[in-house]
Amino acid sequence: MKLSQFKFKLPEELVALYPPHRAFENEDGTVDRIYNRDQCRLMVVHRKSERIEIFKKDKKGKDTTEPLTFRNILDYVDEGDIFLFNDTRVFPARLYGTKEKTDAQIEVFLLRELNSELRLWDVLVEPARKIRIGNKLFFDDEGPMVAEVIDNTTSRGRTLRFLYDCPHDEFKRELFALGSAPLPNYIVAHRPPEPDDMEQFQTIFARHEGAVTAPATGLHFSRELMKMMEIKGINSAYLTLHCSLGAFDSIEVEDLTKHKMSSEQMIVSAECCQLVNDTRKAGHRICVVGASTLRAAETAVGTDGMLKEFSGWTNKFIFPPYDFGLADMLIVNFYHPESTMMMATAAFGGYDLIYEAYQQALKNEFHFGCYGDAMIIVND
């Protein structure tokens, strides 16, 4: 397929800047928000019958004017089915420092730790033209957090050595205390990260630290919803894929077969495999939650349709046409034009049907992006 087939006009006002919430303005003009993770809108896409639902039904089975919400996903799964989640944990990757001598403000985006003993980190810097090997960056006027640039890796990439002499756990704690939630640039362009974001930009089941962006679809699951799933007999399994910025990289080629995804670290445990495979053997359905989980699952599934243990890296790029080996259902967000996540969605649901779903989402003013609304694709 071609890149241009995934192009559409996304109005700026339909990009969600906050998770679903109720806002209250205080007397001093400040705004408080009460967040409701599972109260985003939901679209249901039926893959075989090609039906699209966005409203709740009345007792006669006719559409009402009341939108479906995320909690309605429970109406489309049965006892014994399983949800497959990504339990990666986001760390506060966005820092701001000042360059020595000039005091220029520099954004430093932490990507991953290269060497814990030497305090080496792979980072992105902005503006990159001002940062050269040998420069020092200061991150706290009242503290000792200083970093030296020791290598240029890409046009914006640098390797930093943090000059901080203390136990590693203390160093990580102090470093992360200086950071903020690594919200996507399409949010940061309109508002700065806020204290609430570090909690809201994290799934409630996040366990293994290493992601620099959230597995966004998992953000919709609240503790209340997880309890409702448990009561209904819906099972849960967890793999880990540390989401990088690669999913947001611009695709520079029209022919999608020539695009190369960045590699991301992933782990699929024996426990996860047993839960998922037992579900399949029992004739129940596997519902994959999010595009990152989908790529990890397709990396680790065998030719027999069973999930295999895996520890390593994946650069799996899913776009139409694609023959899926594991997922029976898929839950995703609504993504930006020409994004790899939209392409993976179209590969699962079928290009024409998903393009029509996106047109209906635009018409009905669904919200897009990591804090936006959701879609479940069911196989009926």
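I began at Glu194, which is partly exposed, with a relative accessible area of 26%. I note here that I am reading a predicted model.

I then looked for the partner of Glu194 and found that its side chain meets that of Arg33 in a salt bridge, at 3.8 Å from N to O. This pair links distant parts of the chain, since Arg33 sits in strand S2 (residues 31–35) and Glu194 in the loop between helix H2 (185–188) and helix H3 (197–200), 161 residues apart. Arg33 counts as partly exposed, at 24% relative accessibility.

Next I turned to Arg161, which forms a salt bridge with Glu148, with 2.9 Å between the closest N and O atoms. Arg161 belongs to strand S14 (residues 157–162) and Glu148 to strand S13 (residues 146–152), 13 residues apart. I recorded Arg161 as partly exposed, with a relative accessible area of 32%, whereas Glu148 is buried, at 17%.

Glu264 lies in strand S17 (residues 264–268) and Arg295 in helix H6 (residues 291–300), so the pair ties together parts 31 residues apart in sequence. Both Glu264 and Arg295 are buried. I also noted that salt bridges with shared partners join Arg33, Arg191, Glu194 and Asp197 into one network, and that the structure holds 19 salt bridges.

Last, I examined helix H7 (residues 340–349) against helix H8 (residues 351–363), which pack at an angle of about 125 degrees with their axes 7 Å apart. That angle makes H7 oblique to H8. The residues of this contact divide into six nonpolar, two polar and no charged.

Notes. Residues numbered from 1 in each chain as written. Predicted model: local features only at pLDDT ≥ 70, side-chain atom pairs only at ≥ 80, totals over all residues. Heavy atoms only, no water. Axes fitted to C-alpha atoms, helices over the stretch in contact; angles between N-to-C directions. Helix = DSSP H or I, 4+ residues; strand = E, 2+ residues; numbered from the N terminus. Parallel < 35°, antiparallel > 145°, perpendicular 65-115°, else oblique. Nonpolar A, V, L, I, M, F, W, Y, C, P; charged D, E, K, R; others polar. Salt bridge = Lys/Arg side-chain N within 4 Å of Asp/Glu carboxyl O. Buried < 20%, exposed > 50% of the residue type's maximum accessible area, 1.4 Å probe, protein only.
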